[in-house]
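Work through these exercises with the structure open. Try each task before reading its solution.

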Amino acid sequence: MNNRILIIGALGQLGGVFIEALLKRGDFVLASDINTPKKDNMKCEFVFLDALNERKIKKIILKYNISQIYNFAAVLSAKGEKDPMTTWDINMGALLKVVKASLNTSVQTIFWPSSIAVFSKHSGLACVKNDVTMFPNTMYGITKLAGEKIMSYYNEKGLMDIRSIRYPGVVSSTEPGGGTTDYVVEMLQNAKENKPYTCPLRKDTVLPMIHIKDVVTATLELMGVEKEKISTSGAYNLGSFETSPEKWSNTINSLGYSLKITYKEDFRQKIADSWPKKVDDSLFRRDIAWEPIYDERATAEDIIEQLVI
């Protein structure tokens with residue numbers, strides 16, 4: 001039987017690609033967001049929804065007989081540091097309200113993305129394992145770690161099946177939403193427009209990245225697997241390739257572009273310094289039997305072709 005899926009925060013970086021993939025496999029998809037989509041820009045039914053409105057969330061679940069929820073509503077790392085208390089209210093509220101609204105309804109599974117922002121210098125940043133010490137230094141990271149503890153509680157008590165992946169930097173053709181790894185997309189855009197780029201990170205800052213299509217396949221595989229195969233009540237690490245601003249610009253230029261970079265560190269450098277250079281995602285690959293398709297060059301080549309200037 002096909003799933004009946006509600007996507008919350010559908011107009012962000014991730015929503016559109018998930019909608020397309022879910023529709024392609026035959027699921028019913030209801031997109032929602034606090035913003036309004038451009039006319040004729042949605043491929044599925046859309047409803048306005050504030051992720052903090054528990055009553056409205058439950059009403060939609062009941063009306064559409066929703067079986068799965070993908071909850072992408074969040075304030076990201078860099079933007080979150082400008083108003084940390086609002087970031088806490090939105091990120092935690094959006095998780096808790098959705099979970100509470102889903103209890104004792106048709107909802108069987110919730111996906112809620114975590115992030116590599118949960119890690120810190122205490123985590124062994126050269127290659128971070130799935131279960132390590134974590135002391136995140138951004139409010140975004142704090143909310144993601146707190147959210148992991150909440151989902152673990154609900155999973156272990158058998159109250160709700162909540163699944164999660166710690167996303168690395170996601171490379172896509174959609175406009176980034178205020179994260180520390182936004183430079184990967186911005187560099188591609190500027191290269192295609194033949195504009196110079198000022199990078200907010202040091203040129204040798206290595207961080208894990210992933211093509212958005214690999215994010216989608218990994219997430220859908222996780223959401224489709226039997227619960228018994230999932231060996232953690234919390235979030236899984238996920239990785240694909242690692243790069244730095246200098247290495248990424250070289251990869252872009254190897255495709256025939258002439259991107260010129262200057263480096264001007266800002267507050268995002270401190271955030272990046274507390275994040276992993278590489279993640280050990282062997283637990284996820286063992287449990288879910290997943291492998292990425294796109295390496296660094298293939299990612300740059302595919303995304304830059306999709307960009308519209």
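Predicted model: local features only at pLDDT ≥ 70, side-chain atom pairs only at ≥ 80, totals over all residues.

How many aromatic pairs does a search of the whole structure find? It finds 11 aromatic pairs. Rings of Phe, Tyr and Trp (its six-membered ring) pair if their centres lie within 6.5 Å; planes under 30 degrees apart count as stacked, over 60 as edge-to-face and the rest as tilted.

Residues are numbered from 1 along each chain as its sequence is written, and side-chain values use heavy atoms, with hydrogens and water left out.

**Exercise 1. Classify the aromatic pair of phenylalanine 28 and tyrosine 64.**

Step 1. Take the geometry. The centres are 6.1 Å apart and the planes 20° apart, and the pair is stacked.

Step 2. Place the residues. Phenylalanine 28 is in strand S2 (residues 28-33) and tyrosine 64 in helix H2 (residues 54-64), 36 residues apart, and the pair links distant parts of the chain. Helices (H or I, at least four residues) and strands (E, at least two) are DSSP runs, numbered from the N terminus.

Step 3. Check burial. Buried means under 20% relative accessible area, exposed over 50%, partly exposed in between (1.4 Å probe, protein chains only). Phenylalanine 28 has 23% and is partly exposed. Tyrosine 64 has 10% and is buried.

Step 4. Look over the ring. Arginine 4 lies over the face of phenylalanine 28, 4.1 Å from the ring centre. The test is that NZ of Lys or CZ of Arg is within 6 Å of the ring centre and within 35 degrees of the ring normal.

**Exercise 2. Which way do the residues of strand S4 (residues 68-71) point?**

Step 1. Gln68 and Tyr70 point one way, Ile69 and Asn71 the other way, and all are buried.

Step 2. Find the partners. Two strands pair if DSSP finds at least two bridges between them. Strand S1 (residues 4-8) pairs with S4 in the parallel sense over four bridges. S4 also pairs with S5 in the parallel sense, over three bridges.

Step 3. Isoleucine 8 has asparagine 71 of S4 as its bridge partner. Tyrosine 70 stands opposite phenylalanine 111 in S5.

**Exercise 3. Describe the setting of two polar residues, asparagine 91 and threonine 251.**

Step 1. Asparagine 91 lies in helix H4 (residues 84-102). Its relative accessible area is 4%, so asparagine 91 is buried.

Step 2. Not counting residues up to four places away in sequence, asparagine 91 touches Ala74, Val75, Tyr140 and Thr143. Contact means heavy atoms within 4.5 Å.

Step 3. The side chains of asparagine 91 and threonine 143 make a polar contact at 3.1 Å. A polar contact is a pair of N or O atoms within 3.5 Å; within protein, one must be able to donate a hydrogen and the other to accept it, and residues adjacent in sequence count only if both atoms are side-chain atoms.

Step 4. Threonine 251 sits in helix H8 (residues 245-253). Threonine 251 is buried, at 12%. A polar contact of 2.9 Å joins its side chain to that of glutamate 296.

**Exercise 4. Which residues of the largest nonpolar core touch the most other members?**

Step 1. A nonpolar core is a set of buried Ala, Val, Leu, Ile, Met, Phe, Trp, Tyr and Cys residues joined through side-chain atoms within 4.5 Å.

Step 2. Of the 33 residues here, Val171, Tyr183, Met187, Leu188, Trp248 and Ile252 touch the most other members.

Step 3. H6 gives the most to this core, with six residues.

Step 4. Another core, of 32 residues, lies apart from it, including Ala31, Ile212, Ala218 and Phe284.
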